[in-house]
There are 2 protein chains.
Amino acid sequence: MSREAISHETGAIYEFTPELDAIATVQSGAQVTIETRDSLDGAVQSDADVLESVPEEVNAATGPIALEEAEPGDVLRVEIEAIRVAEDRGRVITIDGFGLLDGHEDIESPRSRTTPVEDGGETIVFDDLEIPVEPVIGTIGVAPEADSYTTLVPHDHGGNLDTTDVTAGNAIYFPVFQSGAMLAMGDCKAAMADGEMCGTGSEIACEIDVTLEVIDGETIDVDIERPLVETPDAWKTVASAETLEEACELANLDAIDLLVADHGVDETDAYMLSSLVGGLEISQVVDPLVTVRNAVPKAYLSSPF
Amino acid sequence: MSREAISHETGAIYEFTPELDAIATVQSGAQVTIETRDSLDGAVQSDADVLESVPEEVNAATGPIALEEAEPGDVLRVEIEAIRVAEDRGRVITIDGFGLLDGHEDIESPRSRTTPVEDGGETIVFDDLEIPVEPVIGTIGVAPEADSYTTLVPHDHGGNLDTTDVTAGNAIYFPVFQSGAMLAMGDCKAAMADGEMCGTGSEIACEIDVTLEVIDGETIDVDIERPLVETPDAWKTVASAETLEEACELANLDAIDLLVADHGVDETDAYMLSSLVGGLEISQVVDPLVTVRNAVPKAYLSSPF
């Protein structure tokens, strides 16, 4: 079947705002291919291309794409079917003022290392090491409720979540805050560690095959206030905050809400159960807000939808 | 072959201090079975047994066990071959003043829930859910360098690491700070989530089969300053600090040291590599210091020993 392709050349945003103008409108159930450029807009093509500071515009997110049926209170499901790298190299960089170890005496910034793509898109090379390509969508979100967030920031609308689980084979759900939802995504990585310590993965242009579905809010028993990831084995709440501790609290509270709704237990029993199975995972520790997830295996949690 | 059994009834500590008296002395290569009592010293046997505050003494650690050959600068390898639950129930509890969501309006403390052991030790039951028994050693460590730490606290000597990877099939390595190393362990859980959010897993008495090996410090190219976990697939540095951010920094710096020694790259390239593969993981967010690990797949990191 033919998929509609939506390219960053048609439109991309650097800020998620409550009022966004769609570059494409699709119906619930649409299968589309979204083409993204790399998070640095092509500025780093060789190791000599270093960045003295974080650019004013980063993480271009292709879109927004309006969903015809989506209204505030609904949930948008984004099933990620495939992600293909779309250029012959990625790049991993350090920038002064950014990254977990920013300012440490042994860490040099700025530095850029390109990571050539080999094996027909299956491998990148760093130093003399071959690393399997496992592409991640770094920035993905919808129009927020009230405030605006640049594409460097993660929050309840999504944005710069930098979460390794946002990858092929999984689905991510967002609360719909505005008519049409207004989905946009970009900032893909050919590979990324949990934490994204130096501030980037291997940043690269990609093509992303997704199926978009609007879930009627009235059919859902629990409030979905932040992004939620579904893997084959687990549900993972995703929360961003000023500190990792605060993000852990939010992600755990969201997991507790799901367990309460599913099992009919009170919050304290759900809290105890959350302390026995799955657990807290780090998405990224480098963006203006940091991101954590709380995984609950599907063996202990049914679909909230 | 016969294993020496070392029981908590022979000796257990509630504080790791630089000067500890051994309850047993073994040679490098010894295979022993260590018997531990539950972290609450049996105080919670039914849901009616609630704890109003954190007891002054918790996490009794069976030992210390002296290794004849161990001297400061060496590394102690503890290979965990098996962990068997040794009683018919575990217990998960909330205590006022403890836990990630301590003080939240919907969370009740104190509360205790016993988790019966079923299926010949293969399963615990919480609410109406069956959870596979996957025992974790919560507290494990050696005599520290200079300061003393109660068994509620994790630090560079180990202690209350509450790390799910400290389980059967894996090994954990400690820097040796004192003659004999002085290993002690306890505080096992029948099951525990990464994060240990409510403050406990399913606390339970266990029997632990380990093989203990002293690695001569002069044979090692990299300083091992904190605990290090080996799984079948990865090396994981383990670091504890006041905040998760600080713990992430320490764990990442330790991983970088290992990558630098293995690959001969500089710290910045190692930092970039650490940002592409494996990544940061949460051990626990509830103890007086919190604990994080940095996993590096063995595909990218050889044994430092």
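What share of the contacts in chain A with a separation of 6 or more comes from residues 24 or more positions apart?

Figure 1. Residues 24 or more positions apart account for 77% of the contacts with a separation of 6 or more in chain A, a contact being heavy atoms within 4.5 Å. This is a predicted model, where local features need pLDDT of at least 70, side-chain atom pairs count only at pLDDT 80 or more, and totals for chains, interfaces and linings use all residues. Residues are numbered from 1 along each chain as its sequence is written, chains are lettered from A and ligands numbered from 1 in the order in which they are written, and side-chain values use heavy atoms, leaving out hydrogens and water. Chain A has two helices and 22 strands; these are DSSP runs numbered from the N terminus, with helices being H or I of at least four residues and strands E of at least two. The C-alpha trace of chain A spans about 60 × 45 × 35 Å along its principal axes. For 305 residues, a compact globule would have a radius of gyration near 19 Å, and the 19 Å of chain A agrees; the radius is taken over C-alpha atoms, and the globule rule is 2.2 Å times the number of residues to the power 0.38. Of the 305 residues in chain A, 63% count as buried (under 20% relative accessible area, with exposed over 50% and partly exposed in between, using a 1.4 Å probe and protein chains only).

**Figure 2. An aromatic pair in chain B, and a lysine over one of its rings.** A pair of aromatic rings is described by the distance of the centres and the angle of the planes. Rings of Phe, Tyr and Trp (its six-membered ring) pair if their centres lie within 6.5 Å; planes under 30 degrees apart are stacked, over 60 edge-to-face, and the rest tilted. This rule gives six aromatic pairs over all chains. In one of them, the ring centres of B:Tyr173 and B:Trp235 are 5.8 Å apart and the planes meet at 45°, so the pair is tilted. B:Tyr173 belongs to strand 16 (residues 171-175) of chain B and B:Trp235 to strand 20 (residues 234-241) of chain B, so the pair ties together parts 62 residues apart in sequence. B:Tyr173 is buried at 2% relative accessible area, and B:Trp235 is buried at 3%. B:Lys298 lies over the face of B:Trp235, 5.5 Å from the ring centre; for this, NZ of Lys or CZ of Arg must be within 6 Å of the ring centre and within 35 degrees of the ring normal.

Figure 3. A:Thr231, in the loop between strand 19 (228-230) and strand 20 (234-241) of chain A, is buried with a relative accessible area of 9%.

**Figure 4. Helix 2 of chain B, mostly covered.** Seven of the eight residues of helix 2 (residues 267-274) of chain B are buried, among them B:Ala270, B:Tyr271 and B:Leu273. Their cover includes strand 8 (89-94), strand 9 (111-118), strand 10 (123-126) and strand 11 (129-132) of chain A, together with helix 1 (244-263) of chain B. At the N-terminal end, B:Asp266 caps the helix with a side-chain oxygen 3.2 Å from the backbone nitrogen of B:Thr268.

**Figure 5. B:Glu196, buried in a loop.** B:Glu196 sits in the loop between strand 17 (183-189) and strand 18 (206-215) of chain B and is buried, with a relative accessible area of 1%. Its side chain reaches the backbone nitrogen of B:Gly201 at 3.4 Å, a polar contact (a pair of N or O atoms within 3.5 Å; within protein, one must be able to donate a hydrogen and the other to accept it, and residues adjacent in sequence count only if both atoms are side-chain atoms). Leaving aside neighbours within four places in sequence, the contacts of B:Glu196 include A:Ser275, B:Lys189 and B:Asp287.

**Figure 6. A cis peptide bond in chain A.** The peptide bond from A:Gly63 to A:Pro64 is cis, with omega near 0°, and A:Pro64 lies in strand 6 of chain A.
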